[in-house]
Amino acid sequence: MNEDFNLIFKFVDNFIIIDERHMKSTIKIIVIGEPAAGKTSLVKRFITSHFSTDYRASIGANMFIKKLILDSGHEIKIQLWDIAGQERWIKMRHLYYKGTQGVLILGDLTREKSFTQIENFWCPDIGKYCTEVPIILIANKNDLNSNISENAVRSLGERINAQDVLFTSAKTGENVEKAFKLISELVIKNLNKNKTNNLKN
Ligand SMILES: Nc1nc2c(ncn2[C@@H]2O[C@H](COP(=O)(O)OP(=O)(O)OP(=O)(O)O)[C@@H](O)[C@H]2O)c(=O)[nH]1
Ligand SMILES: [Mg+2]
């Protein structure tokens with residue numbers, strides 16, 4: 001297993017045991033989007049460098065912590081919440097949103113509906129529970145053929161105020177590390193901006 005694989009704990013559903021000592025310098029990123037868009041695969045690729053073709057719908061949420069050195073030199077821990085997309089989790093999903101500092105929102109390039117749902121459901125859903133946090137729009141499964149144009153994805157990114165749009169593949173690893181690093185950089189920038197604003201007031 002990868003040396004910097006830094007899984008401290010994993011939980012399913014509401015059963016959470018948090019070791020506070022590990023949480024101090026941690027930023028919270030959530031990964032959301034339609035069922036089977038590839039959220040778990042993207043996170044798994046990032047954490048373990050592996051990919052599996054099996055689809056096992058996530059239950060509730062999975063949480064991972066990983067150490068990361070950003071291009072800016074910051075060494076941080078990211079707390080990654082891979083949140084189940086299936087409708088049956090709709091009532092409890094917002095529990096996992098609490099304290100979110102950055103969002104990766106996934107569409108599946110082989111299913112147009114997974115992108116329309118981002119605008120119709122996922123963005124309004126996080127808007128209800130998260131204050132303004134950086135969002136990156138992820139167009140996943142870029143290794144497969146797609147009828148969805150790059151322009152359509154980018155214009156969705158503008159409409160939802162995403163700070164960036166990345167085309168990824170959990171299968172090949174394309175842009176996966178970049179996505180997690182970029183959202184972390186944006187979170188740190190946002191935190192620094194808020195700190196400066198608070199000092200001014
Ligand atoms: N070719 C290809 N297949 C992918 C990619 N990402 C995910 N998949 C496949 O898509 C299916 C669903 O992936 P998951 O990662 O389980 O999807 P999910 O978004 O976590 O789904 P839920 O847990 O139900 O919300 C699996 O069969 C994966 O192998 C990708 O980048 N390329
Ligand atoms: Mg999943």
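Two strands pair if DSSP finds at least two bridges between them. The legends below describe close-up views of a predicted model.

**View 1. Strand S5 pairs with strand S6.** Strand S6 covers residues 164-167 and is joined to S5 by four bridges. The two strands run parallel. Within this pairing, Asp164 of S6 is the bridge partner of Ile136. Between the two strands, the chain passes from S5 through helix H4 (residues 150-159) to S6, and this β-α-β crossover is right-handed.

**View 2. Strand S4 pairs with strand S5.** S4 (residues 102-108) also runs parallel to S5, and six bridges join the two. One residue pair here is Val103 with its bridge partner in S5, Ile135. Helix H3 (residues 112-129) forms a right-handed β-α-β unit together with S4 and S5.

**View 3. The two sides of strand S5.** S5 spans residues 135-140, and six of its six residues are buried. In a regular strand, side chains alternate between the two faces of the sheet. In S5, Ile135, Leu137 and Ala139 point one way. Ile136, Ile138 and Asn140 point the other way. The residues on both sides are buried.

**View 4. The shell around ligand 1.** The shell around ligand 1 holds 23 residues, of which Gly38, Thr40, Ser41, Ser58 and Gly85 come nearest. By type, the shell divides into eight nonpolar, 10 polar and five charged residues. Which helix gives the most to this shell? Helix H1 (residues 39-48) does, with three residues.

Terms used:
Residues numbered from 1 in each chain as written. Chains lettered and ligands numbered in written order. Predicted model: local features only at pLDDT ≥ 70, side-chain atom pairs only at ≥ 80, totals over all residues. Near = placed C-beta within 6 Å. Nonpolar A, V, L, I, M, F, W, Y, C, P; charged D, E, K, R; others polar. Buried ≥ 20, exposed ≤ 12 C-beta atoms within 10 Å, placed from the backbone. Right-handed = clockwise from strand over helix to strand, strands pointing away.
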